[in-house]
Amino acid sequence: MLNMFRRSIGKSLRLNRASKLTQMENGQTPNEKYLHDFTYHGKEYSVSEAKEVLSPYFDGSGSVDLEKDDNGIAKICLNNPRLKNAISVKMMSDLDEITDKLYQWTECKGAILYGTDGNFCSGGDLKLAKKMNNASNGYAMSVYFGHILDKFKKLPIITVAYINGTGAFGGGAEVTTACDYRLMCNVADTTGIGFVHSKMGIVPAWGSTGRLVSIMGGAKKVLDLLLEARTLSAAEAMDLGLVDGTVATLEDAGAWLSGKISRDVNVIRAIKRTVLCYDDDDDSKAEARELERRIFAPLWGGTANQAALQLRLKHNR
């Protein structure tokens, strides 16, 4: 009995040593080896440097337009109807400028983000994606776009994304996570929301993964959402906590928002700032966001991404 026990202990110790040797191969743990082999090791960019890297692509199509109402509500329109409001670098630059204007509009209580011509946003512009399809551009895009959406999210006003038409996909779905609330149109059964990045051989890179964990209340739900890459109906999205309600029209979305912001403007803005003090997606997540960028960049322009761009897999439900 004693000899059997000793043999068992000896075997266990040998396995443990072998495991440690494997873990420390080349002086690296498995996690360190992954980070070395499969993440971006190119030049790091500040926000201004990332914008400069992307400057050759600022001549893309579309715009983002701002309309200020007398009642303190801003209407922000994604305007690229030829491509179902697919996002271009120029459009994100427009959103950056609009966000700065909203910070300066002290009488603003809330904002509605919507798409022109009856659709919210089909995602990123695939033609533009093919032009800027390398790791360095991917890293720069993640830095610049992520910064803009973070800044938008931290506006001291109440923001709502009104998702209508075909819905919000890929980058369009990411943009909605920068809003405080998401409403879906209930007129057509075809309206959906889909984080379809894995179909395109990539992962979210504009900060939405962290926001989704906060919005949906758990990492496992987000894991399923990103792995399955399904287009969710309004009912499914509401069950997951991703969407906050349904309305029929943009005007109804405005009425829904008005019900949330009936208090004094300074009280509304103070409430938003107070909530942001405790938000999970604050500057303390900077290290995670940097790792997100480094994981994403090699996928942008990688084998799976190139194949998906050729097949336009994003549009396959």
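How many salt bridges does a search of the whole structure find? The search finds 14, a salt bridge being a side-chain nitrogen of Lys or Arg within 4 Å of a carboxyl oxygen of Asp or Glu.

Before the details, the basis. This is a predicted model, where local features need pLDDT of at least 70 and side-chain atom pairs count only at pLDDT 80 or more, while totals for chains, interfaces and linings use all residues. Residues are numbered from 1 along each chain as its sequence is written, and side-chain values use heavy atoms, with hydrogens and water left out.

I'll start with helix α4, residues 89-104. Helices here are DSSP runs (H or I, at least four residues), numbered from the N terminus. K90 and D94 form a salt bridge at 3.0 Å, N to O. They sit four residues apart in that helix, so about one helical turn separates them. D94 is buried at 14% relative accessibility, and K90 is partly exposed at 26%. Buried means under 20% relative accessible area, exposed over 50%, and partly exposed in between, with a 1.4 Å probe and protein chains only.

Next, D100 pairs with K151, with the closest N and O atoms 2.9 Å apart. D100 is in helix α4 and K151 in helix α6, residues 135-153, so this bridge ties together parts 51 residues apart in sequence. K151 is buried at 18%; D100, at 33%, is partly exposed.

Then helix α9, residues 219-228, which holds both K220 and D224, four residues apart. Their side chains meet in a salt bridge at 3.5 Å, N to O. K220 is exposed at 61%, whereas D224 is partly exposed at 31%.

Methods
Helices (H or I, at least four residues) and strands (E, at least two) are DSSP runs, numbered from the N terminus.
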